[in-house]
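Morning, everyone. Please have a look at the structure first.

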Amino acid sequence: MSKRLSLDLKDCLNGLDIGPGSVETALEWGKAVPGARVMVYGDYDVDGVCSSALAVEMARESGAKSVHYYLPHRQKEGYGVHLNVIKKALKGGIETLIVTDCGSKDVESIEYAVDNGMNVMVFDHHSVEGNTIDIEAFVNPQRGGSEEAKTLCATAVLWSWAFSEGILPSRWLMERLDLVAMSTVGDCVSMGYLNRALVQEGLTVLKSSKRPGLARLVDRLGLVKEDIDESSLAMKLVPCLNAAGRMDVADLSLSVILTGDLSSIDRLEDLNVRRKKISSDIAADIAKKLENYVEHVMYNPDWPVGLLSAIASRLCSRYSLGFALAAPSGKGIKGTLRVPDGGNAVEILSELAPLLDSWGGHPYAAGFSVSNSRWEELSSALEIKLRSIEVAEKPETVVDYDPSMFDLLIWKDLNRIGPFGQDNPFPCFFTSREGGERLIPLGEGGVHAKIESGSKKLIAFNGACQHRSMERIRGWVYRPSINSWRGRKDLQFIVEKIVMF
């Protein structure tokens with residue numbers, strides 16, 4: 001009963017159209033990678049790190065003479081392929097450039113690389129609106145791929161291309177699906193049939209991972225290998241890997257994945273602890289502010305830029321509103337934009353492009369850079385646009401079910417319709433407030449809360465403020481989750497929404 005419903009990955013990949021450039025890129029790979037000095041250029045989030053790791057391993061397996069990698073510093077450099085890095089790579093003798101999870105709009109840098117004799121291949125999944133690069137070895141499903149291909153993250157684009165074009169043996173590629181699973185969950189892409197199949201197979205690989213770094217990190221996070229699922233990735237493993245790029249340099253996470261270096265794991269753990277503390281403090285401060293007045297666009301000179309995307313996502317999910325958070329970065333300002341159903345972040349930033357230095361992203365999530373002199377004008381325009389979003393009201397089905405009636409067998413049966421994620425959410429449940437519930441503060445500073453009533457126990461992360469007064473609360477929408485710690489498995493019940501009278 002507890003086995004997942006069948007998802008045939010090879011059937012999903014059969015006839016998959018990832019857009020123009022696939023064949024041309026395969027020919028370029030065959031000519032430009034074997035025997036060459038290669039540099040992989042990625043991004044600083046988990047998709048950028050995992051796609052870079054996959055590209056590095058593919059290049060090595062394809063017989064490259066040497067393989068180097070470069071991940072830009074989020075705070076100091078920002079997103080994209082930077083011209084100064086390309087110039088240094090050329091001086092260093094790099095012959096072939098493989099770009100992952102960026103590059104589609106880096107026209108100047110890519111042109112410079114090509115004009116100066118570099119062989120360049122780009123694998124991306126971001127928007128191609130506006131001016132884009134003009135090279136043959138360019139794979140991005142947004143250029144004209146099938147609708148399902150357009151939902152792939154960058155790691156899945158690279159992997160699917162390599163599988164479809166037979167770049168390396170299918171067995172070798174299947175052993176790298178752990179990277180695809182982590183990045184697919186981490187990038188919050190639509191969990192349609194193909195992405196579910198990729199994640200399902202990737203979780204199987206991850207549970208028996210031959211990567212010592214990931215195995216050690218999983219153990220450090222208190223996870224049990226055989227119990228790892230998409231929720232474990234989303235709640236623990238992915239945020240920890242993201243902590244490197246958000247708080248320091250993403251090279252740490254790439255080192256953990258590729259080599260298992262113990263000092264990198266120690267450093268990553270420390271950064272993850274700091275990330276959680278700072279993120280919780282910022283989210284709590286914003287929540288208090290929103291109690292009095294809903295402000296969609298917020299700027300704070302003390303916020304770390306690297307943490308804003310996760311916080312904005314949390315706010316958007318909790319309030320079903322659009323939010324833009326920004327902070328200083330270098331000589332300008334960087335921001336992140338998140339919108340609910342009914343909004344389109346790409347369209348919003350496209351309309352405001354004359355005010356921006358750069359921007360890019362997806363319909364639900366995007367990032368931007370702006371000069372200090374234009375921030376006031378941009379923030380006012382963004383506020384108007386975000387306030388005007390008419391949130392698409394979708395029917396939400398929840399099951400009225402007391403959490404005390406759950407057991408592990410029921411939870412396992414629910415997972416048969418997974419893996420879960422965007423557009424395939426885990427089933428939610430509802431329980432009424434009966435009166436007499438006890439509120440127990442959790443976490444440093446009491447920002448989280450446990451709600452207890454008899455055998456019913458709920459956990460509300462960052463929810464202490466919302467539960468100070470429970471008179472208007474009718475009940476809670478919650479989801480069950482497995483909590484594994486030191487070999488012990490327990491069900492915990494996480495508050496998703498508060499239902500008011």
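I'll take the helix pair, then the rings.

Keep in mind that this is a predicted model. Start with helix H3, residues 46–61, and helix H8, residues 177–186. Their axes come within 8 Å and cross at roughly 160°. Over 145 degrees counts as roughly antiparallel, so that is how H3 and H8 run relative to each other. The crossing of H3 past H8 is left-handed. Which residues of H3 and H8 make the contact? From H3, we have Val46, Asp47, Cys50, Ala53, Leu54 and Glu57. From H8, Leu179, Met182, Ser183 and Gly186. By type, the contact of H3 with H8 has six nonpolar residues, two polar and two charged.

Now the rings. The whole structure holds 14 aromatic pairs. Take Phe406 and Tyr478: centres 6.4 Å apart, planes at 80°, so edge-to-face. This pair links distant parts of the chain, 72 residues apart. Phe406 sits in the loop between strand E11 and helix H17, while Tyr478 is in strand E16.

Buried or exposed, Tyr478? Buried, at a relative accessible area of 0%. Phe406 also counts as buried, at 9% relative accessibility.

Tyr478 has another partner, Phe493. Those ring centres are 5.8 Å apart and the planes stand at 85°, so this pair is edge-to-face too. Phe493 lies in strand E17, so the pair ties E16 to E17 across 15 residues of sequence. Phe493 is buried as well, at 10% relative accessibility.

Tyr401, Phe406, Phe429, Tyr478 and Phe493 are linked by ring pairs into a cluster.

Terms used:
Residues are numbered from 1 along each chain as its sequence is written. This is a predicted model: local features need pLDDT of at least 70, side-chain atom pairs count only at pLDDT 80 or more; totals for chains, interfaces and linings use all residues. Side-chain values use heavy atoms; hydrogens and water are left out. Axes are lines fitted to C-alpha atoms, for helices over the stretch in contact, and angles run from 0 to 180 degrees between N-to-C directions. Helices (H or I, at least four residues) and strands (E, at least two) are DSSP runs, numbered from the N terminus. Angles under 35 degrees count as roughly parallel, over 145 as roughly antiparallel, 65 to 115 as roughly perpendicular and the rest as oblique. A crossing is left-handed if the near helix is turned anticlockwise from the far one by less than a right angle, and right-handed if clockwise. Contact means heavy atoms within 4.5 Å. Ala, Val, Leu, Ile, Met, Phe, Trp, Tyr, Cys and Pro count as nonpolar, Asp, Glu, Lys and Arg as charged, and the others, Gly among them, as polar. Rings of Phe, Tyr and Trp (its six-membered ring) pair if their centres lie within 6.5 Å; planes under 30 degrees apart count as stacked, over 60 as edge-to-face and the rest as tilted. Buried means under 20% relative accessible area, exposed over 50%, partly exposed in between (1.4 Å probe, protein chains only).
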